[in-house]
Amino acid sequence: MKILNLYACLGGNRYLWGDEHDITAVEWDEELARLYQERFPKDKVIVADAHQYLLEHYKEFDFIWSSPPCPTHSRFNTSMKTKRKMKYPDMRLYEEIIFLQHYFDGKYVVENVIPFYEPLIAAQKRHRHLYWSNFILPNNLSGRKNPDLSRTKNLVKVLSEFHDYDFRKYKGKQLLYKIARNLVDYEAGKTILDIAIGIVRKENTEQTELF
């Protein structure tokens with residue numbers, strides 16, 4: 001399959017996808033892109049605006065995974081409303097969902113946090129994430145137990161162990177703990193891709209049988 005991995009970060013979702021697919025990863029942070037390429041040398045890594053890249057290249061792919069920036073949607077925002085300057089929710093999230101729903105012929109998943117407001121478009125809630133997709137996801141995406149971050153003193157260390165990656169390699173400008181929290185459980189990423197592949201194979205078989 002030709003796969004587009006948008007806002008790729010360090011490839012938490014991609015970790016168990018293997019090397020048999022043609023994967024293009026888009027990430028705006030040059031340091032994250034460098035580390036992603038180091039981690040997945042066979043992937044094509046592009047430093048660019050993922051939102052614009054989707055608009056210009058969506059027809060080239062069979063499966064698209066997008067994880068748009070989540071800070072302005074996070075429930076943490078409501079607890080900080082008296083302590084920081086607030087921002088409008090970043091509506092690129094919904095732009096991508098609507099765009100993929102109506103224009104993309106392949107399979108897609110848009111992943112984000114559970115927001116502080118009622119989602120404007122219905123999603124599939126799994127653990128602490130919401131997924132917008134054109135196929136049904138199982139209730140349990142991973143058999144791994146997520147660490148209790150509310151009781152964790154060394155968050156980066158705990159998440160490094162959970163994601164099997166040393167986040168201290170990152171030397172860029174973003175905060176390490178934010179990058180560590182952004183990664184999707186790699187087993188969930190594999191489960192979702194496997195389901196998409198199974199659906200595509202079934203559809204292709206049915207099409208072949210028609211002829």
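This briefing describes the sheet, the helices packed on it and a few individual residues of the structure shown above. The model is a predicted one. Its seven strands form an open sheet with mixed pairing, in the order E3-E2-E1-E4-E5-E7-E6. Strand E3 (44-46) and strand E6 (124-126) stand at the edges with a single partner strand each, so one side of each has no neighbour in the sheet. Between neighbouring strands the average turn is 20 degrees, with direction ignored.

**How the strands are joined**

- Strands of a sheet pair through backbone hydrogen bonds, and the pairing can be either parallel or antiparallel.
- Strand E1 (residues 2-6) runs parallel to E2, and five bridges join the two; within this pairing, leucine 4 has threonine 24 of E2 as its bridge partner.
- Strand E1 also runs parallel to E4, to which it is joined by four bridges; here isoleucine 3 stands opposite phenylalanine 63 in E4, and asparagine 5 stands opposite tryptophan 65 in E4.
- Strand E4 is joined in turn to strand E5 (residues 107-113) by four bridges, and these two strands run parallel; isoleucine 64 stands opposite tyrosine 108 in E5, while serine 66 stands opposite valine 110 in E5.
- Strand E5 and strand E7 (residues 129-133) run antiparallel and are joined by five bridges; asparagine 112 stands opposite leucine 130 in E7, and valine 113 stands opposite histidine 129 in E7.

**What is covered in the strands**

- In a regular strand the side chains alternate between the two faces of the sheet.
- In strand E4 (residues 63-66), Phe63 and Trp65 point one way, whereas Ile64 and Ser66 point the other way, and all of them are buried.
- Strand E5 is mostly covered, with seven of its seven residues buried, and strand E1 is mostly covered as well, with four of its five residues buried.
- Threonine 24, which is found in strand E2 (residues 22-26), counts as buried because its relative accessibility is 6%, and buried means under 20%.
- Leaving aside residues up to four places away in sequence, threonine 24 touches Ile3, Leu4 and Asn5, together with Lys44, Ile46, Tyr53 and Phe61.

**Helices packed on the sheet**

- The sheet has five bridges between E5 and E7, which run antiparallel, and helix H2 (residues 50-57) packs on this sheet, where it touches E1, E2, E3 and E4 and has a direction that makes about 155 degrees with that of E1.
- Helix H4 (residues 92-103) also packs on the sheet, touching E4, E5 and E7, and its direction makes about 165 degrees with that of E5.

**Where the two helices meet**

- The axes of H2 and H4 come within 11 Å and cross at roughly 15 degrees, which makes H2 roughly parallel to H4, since angles under 35 degrees count as roughly parallel.
- The crossing of H2 and H4 is left-handed.
- On the side of H2 the contact is made by His51, Leu54 and Leu55, and on the side of H4 by Arg92, Glu95, Glu96, Phe99 and Leu100.
- Sorted by class, the residues in the contact of H2 with H4 are four nonpolar, one polar and three charged.

**Two loop residues with positive phi**

- Tyrosine 7 has its place in the loop between E1 and E2, and its phi is near 55 degrees, a positive value in a residue other than glycine.
- Tyrosine 7 has a relative accessible area of 13% and is therefore buried, the limit for this being under 20%.
- Histidine 127 lies in the loop between E6 and E7, and it has a positive phi of about 55 degrees although it is not a glycine.
- Histidine 127 counts as exposed because its relative accessibility is 54%, and exposed means over 50%.

Notes. Residues are numbered from 1 along each chain as its sequence is written. This is a predicted model: local features need pLDDT of at least 70, side-chain atom pairs count only at pLDDT 80 or more; totals for chains, interfaces and linings use all residues. Side-chain values use heavy atoms; hydrogens and water are left out. Buried means under 20% relative accessible area, exposed over 50%, partly exposed in between (1.4 Å probe, protein chains only). Two strands pair if DSSP finds at least two bridges between them. Contact means heavy atoms within 4.5 Å. Axes are lines fitted to C-alpha atoms, for helices over the stretch in contact, and angles run from 0 to 180 degrees between N-to-C directions. Angles under 35 degrees count as roughly parallel, over 145 as roughly antiparallel, 65 to 115 as roughly perpendicular and the rest as oblique. A crossing is left-handed if the near helix is turned anticlockwise from the far one by less than a right angle, and right-handed if clockwise. Ala, Val, Leu, Ile, Met, Phe, Trp, Tyr, Cys and Pro count as nonpolar, Asp, Glu, Lys and Arg as charged, and the others, Gly among them, as polar.
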